[in-house]
Amino acid sequence: MRKHFFSGIQPSGRLHIGNYFGAIRQWISLQDSYEPVFGIVDLHGMTVRYDPKDMQVRVLDAAASYLAAGLDPEKSIIMLQSLVPEHVELAWILNCITPMGRLSRIPTFKEKVRQNPDNVNMGLFGYPVLMAADILLYKSEIVPVGEDQVPHLEFTREMARRFNSIFSETFQEPAEVLSNGAKIVGTDGINKMSKSLDNCIYLDDTDKEISKKLASAMTDPARKRRDDPGDPDVCNIFSYHKVFSTPEEIAQCAEGCRTAGIGCVDCKKIVAAHIQETVAPIRERRKELLARPSDVRDLLKSGADRARPIAQETRNEVREKIGTKLD
Ligand code: AQP
């Protein structure tokens, strides 16, 4: 029997190439050796203000993007997190053994407080606890994620150890699996590409939109004119080359940048063509899937039906360990 692991993306906006290269691409490659559970983690998506009408649209959008990118519902369980309430129960149990001081030191919390100063809520504070519950509920031994999630995985391992030491051996400590695109910087050249910052190349962007976004994206700020040599190591576009281009192109662009042999415009065109090649088939499949929204909804419901018994088995074991199971 294939083992399970859990990973997910919050429906906080349209999915982007950071989500694809940081998470989804690895998910696809793990579908044969595991029976993974891929959640659209709407409970996490509630930690910032949102319009309920948008939530419906984003959930469908994320599910269509998962499928269009290559996740196979025969091999993987694709589900909506809130349809499996065991996530919330385990999160509450973990809340009760989580030191508040430890949570307040998690860097992503500080970042979210900076972004949402008017809505610093309990859900945002407890976001890593819910994420730990998602992962531990399926007894995940690995979790493929982008680099930004590493502190959450470290916290999850701590929670597994803490639970085991208080209530006896129950959970193993999951390891993060990072990809070559583990941190894609946004088109602003400063921040991580993030749905909420709108610095993204989205999985449904047209070729024209991709070219336009790259044309105005930051490069080496010290390279003011075409004839100035540049430093690829401080150039955001070069960081895209490292993920999208061939080894020969990467070497040529690095050399060309340092010697002013290639201008930023041409360098951007090379990377734009690669991103367009990746995004175009996903965009087209997404469109076809979104034309059949009830099929996509049904798939999420049946995914939740498959996930629930797995989650319930762990939940029953946990209830027994913590003394709430009635005989
Ligand atoms: N820029 C990125 N580079 C590499 N990986 C990334 N991931 C997200 N952005 C990048 C990975 O995608 C998975 C799902 O992330 P998420 O949407 O649940 O949460 P997030 O990391 O907070 O993503 P965003 O886009 O930044 O969302 P908002 O703006 O709503 O907070 C994770 O594995 C993540 O590492």
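This briefing covers the ligand shell, selected strands and helices, and a few single residues of the structure above. The structure is a predicted model: local features need pLDDT of at least 70, side-chain atom pairs count only at pLDDT 80 or more, and totals for chains, interfaces and linings use all residues. Residues are numbered from 1 along each chain as its sequence is written, and side-chain values use heavy atoms, with hydrogens and water left out. Helices (H or I, at least four residues) and strands (E, at least two) are DSSP runs, numbered from the N terminus.

**Ligand shell**

- Around the ligand sit 23 residues, and Ser12, Lys112, Ser194, Lys195 and Ser196 come nearest. A residue is near a molecule or strand if one of its heavy atoms lies within 4 Å of it.
- By class, the shell holds 6 nonpolar, 12 polar and 5 charged residues. Ala, Val, Leu, Ile, Met, Phe, Trp, Tyr, Cys and Pro count as nonpolar; Asp, Glu, Lys and Arg count as charged; the others, Gly among them, count as polar.
- A polar side-chain atom of Lys192 lies 2.8 Å from an oxygen atom of the ligand. For Asn19, an N or O atom of the side chain is 3.1 Å from a ligand oxygen. For Gln149, the distance from a polar side-chain atom to an oxygen atom of the ligand is 3.2 Å.
- A polar contact is a pair of N or O atoms within 3.5 Å; within protein, one must be able to donate a hydrogen and the other to accept it, and residues adjacent in sequence count only if both atoms are side-chain atoms.
- Taken alone, the ligand exposes 640 Å², and the protein buries 96% of that. Accessible areas come from the Shrake-Rupley method with a 1.4 Å probe; for residues, only the protein chains shown count as cover.
- Strand E1 (6–9) and helix H1 (17–30) are the elements that give two or more residues to this shell. H1 supplies the largest share, 4 residues.

- Strand E2 (residues 37–40) pairs with E3 in the parallel sense over 4 bridges. Two strands pair if DSSP finds at least two bridges between them.
- Phe38 has Ile78 in E3 as its bridge partner.
- From strand E3 (residues 77–80), Ile77 and Met79 point one way, Ile78 and Leu80 point the other way, and all are buried. Buried means under 20% relative accessible area, exposed over 50%, and partly exposed in between (1.4 Å probe, protein chains only).
- In a regular strand the side chains alternate between the two faces of the sheet.
- Leu300 lies in helix H14 (residues 293–322). Leu300 is buried, with a relative accessible area of 4%.
- Not counting residues up to four places away in sequence, Leu300 touches Ile40, Val59, Ala63, Ile78, Met79, Leu80 and Leu83. Contact means heavy atoms within 4.5 Å.
- Leu300 and Glu209 are 91 residues apart in sequence and 30 Å apart in space, C-alpha to C-alpha.

**Helix H13**

- Ile270 is partly exposed at 26% relative accessible area, whereas His274 is buried at 15%.
- Leaving aside neighbours within four places in sequence, Ile270 is in contact with His241, Ser245, Glu249, Cys253 and Ile262.
- With the same exclusion, His274 is in contact with Phe244, Ser245, Thr246 and Glu249.
- Ile270 and Cys253 are 17 residues apart along the chain, and their C-alpha atoms are separated by 9.3 Å.

**Helix H8**

- Helix H8 (residues 127–137) is mostly covered, with 11 of its 11 residues buried. Among them are Tyr127, Pro128, Met131 and Asp134.
- Lys139 follows H8 and has a positive phi, near 50 degrees.

**Loop residues**

- Ser179 lies in the loop between strand E5 (175–177) and helix H10 (207–215). Ser179 is buried, with a relative accessible area of 16%.
- A polar atom of the Ser179 side chain lies 2.7 Å from the backbone oxygen of Phe21. Ser179 touches Phe21, Gly22 and Gln26, not counting residues up to four places away in sequence.
- Asp198 is also found in the loop between E5 and H10. Asp198 is exposed at 58% relative accessibility. Its phi is positive, about 50 degrees, although Asp198 is not a glycine.
- Ala260 is in the loop between helix H12 (247–258) and H13. Ala260 counts as buried at 13% relative accessibility. Phi of Ala260 is positive, near 60 degrees, in a residue other than glycine.
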